[in-house]
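Please read the following tutorial beside the sequence and the model.

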Amino acid sequence: MVENQYVQERDRLLAEIDEEAAQTQAYTGRKQFSARVMNALQKVPRHQFVGADQHDMAYLNRPLSIGQGQTISQPYIVAVMTDLLDITPEDTVLEIGTGCGYQAAVLAEIAKTVYSVETIEVLATAARERLEGLGCKNIHIRTGDGFLGWPEYAPYDAIIVTAAPRTVPPALIEQLKPGGRLVIPIGEAFETQTLYRCVKESDGTLTQKRMLPVAFVPMVKN
Ligand code: SAH
């Protein structure tokens with residue numbers, strides 16, 4: 001639950017996201033994000049996912065540092081990516097790049113189960129403890145290489161990638177159900193990347209649609 005002191009700031013943030021959704025409609029095809037996505041953003045206490053020194057900034061529409069040179073995405077980006085996944089309450093979702101676990105917590109509000117893979121072990125451990133502390137029971141995190149996905153629980157109804165590879169990792173296409181959605185930033189490290197919404201067709205091919213210019217940390221190979 002979002003504590004009282006943040007309620008006003010959070011409501012202002014939701015209004016900003018709503019406005020930005022309308023402004024970016026020409027790119028995303030969506031004038032408004034679904035009520036389920038907006039409710040999830042309202043519920044998840046973003047300040048609990050960043051250090052105490054950043055609590056005051058947690059409800060600004062800005063990316064924030066989460067340590068280890070990594071960032072938690074801007075709330076509008078979390079909103080648009082979540083919306084583009086078209087998740088139903090029965091869906092199993094895979095996330096690549098757990099980071100602090102905020103995006104996973106938002107997904108867990110609207111999906112049945114979330115699996116999330118993080119390459120930096122200390123981030124994975126901290127996210128797992130934080131989410132347990134917040135009572136999120138339907139999120140499973142493991143340390144590993146996101147280029148390989150998480151084959152044990154595949155196929156997934158939706159996959160979200162929150163670090164940018166240069167091309168779509170083939171394992172992620174394999175682990176997506178036919179009809180499944182993949183939302184992923186693609187591009188070179190430290191340049192502007194492009195956010196794509198992809199759908200796996202019944203013949204196994206992937207159709208890709210360009211959405212927005214975005215800036216993500218690179219997806220790294222270890
Ligand atoms: N979704 C996160 C933000 C992610 S920042 C949140 O809500 O906080 C991107 C994350 O991707 C970083 O934590 C980074 O360590 C991770 N990452 C980068 N390359 C990866 C890879 N190959 N596999 C898994 N995670 C990776």
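**Reading helices, rings and buried charges**

A: The buried residues of α6 are Leu 123, Ala 124, Ala 127 and Leu 131. They cover an arc of only 100° around the axis, which puts them on the same side of α6. The arc is that of the directions from the helix axis to the C-beta atoms. Buried means under 20% relative accessible area, exposed over 50%, and partly exposed in between, with a 1.4 Å probe and protein chains only. Helices (H or I, at least four residues) and strands (E, at least two) are DSSP runs, numbered from the N terminus. This is a predicted model, in which local features need pLDDT of at least 70 and side-chain atom pairs count only at pLDDT 80 or more, while totals for chains, interfaces and linings use all residues. Residues are numbered from 1 along each chain as its sequence is written, and side-chain values use heavy atoms, with hydrogens and water left out.

Q: Which exposed residues does the face of α6 turned away from its buried side carry, and what covers the buried residues?

A: An α-helix has 3.6 residues a turn, so residues three or four places apart point the same way. In this model, the face of α6 turned away from its buried side carries the exposed residues Glu 121, Val 122, Glu 129, Glu 132 and Gly 133. The cover over the buried residues of α6 includes β1 (64-67), β2 (70-72), α5 (102-110), β4 (113-118) and β5 (139-143), where contact means heavy atoms within 4.5 Å.

Q: Which residues of α3 are buried, and what covers them?

A: Val 37, Met 38, Ala 40 and Leu 41 are the buried residues of α3. They cover an arc of only 155° around the axis, which puts them on the same side of α3. Among the elements that cover the buried residues of α3 are α1 (4-23), α4 and α5.

Q: How many aromatic pairs are there?

A: A pair of aromatic rings is described by the distance of the centres and the angle of the planes. Rings of Phe, Tyr and Trp (its six-membered ring) pair if their centres lie within 6.5 Å; planes under 30 degrees apart count as stacked, over 60 as edge-to-face and the rest as tilted. By this rule the count comes to 7 aromatic pairs. In one of them, Phe 49 and Tyr 102 have ring centres 5.5 Å apart and planes at 75°, so the pair is edge-to-face. Phe 49 lies in the loop between α3 (35-43) and β1, and Tyr 102 in helix α5, so the pair ties together parts that are 53 residues apart in sequence. Both Phe 49 and Tyr 102 are buried.

Q: Which residues do ring pairs link into a cluster?

A: Ring pairs link Tyr 115, Trp 150, Tyr 153 and Tyr 156. Trp 150 counts as buried at 8% relative accessibility, and Tyr 153 as partly exposed at 41%.

Q: Where does the charged end of Lys 221 sit?

A: A charge sits over a ring if NZ of Lys or CZ of Arg is within 6 Å of the ring centre and within 35 degrees of the ring normal. The charged end of Lys 221 sits over the ring of Phe 147, 4.0 Å from its centre. Arg 46 lies over the face of Tyr 102, at 5.7 Å from the ring centre.

Q: What does the side chain of Tyr 59 reach?

A: A polar contact is a pair of N or O atoms within 3.5 Å; within protein, one must be able to donate a hydrogen and the other to accept it, and residues adjacent in sequence count only if both atoms are side-chain atoms. The side chain of Tyr 59 reaches the backbone nitrogen of Arg 46 at 3.0 Å, and a polar contact of 2.8 Å joins the side chains of Tyr 59 and His 47. Tyr 59 is placed in the loop between α3 and β1 and counts as buried at 4% relative accessibility.

Q: Is Asp 91 buried or exposed?

A: Asp 91 is buried, with a relative accessible area of 7%. A polar atom of the Asp 91 side chain lies 3.0 Å from the backbone nitrogen of Thr 88. Not counting residues up to four places away in sequence, the residues that Asp 91 touches include Asp 157 and Arg 181.
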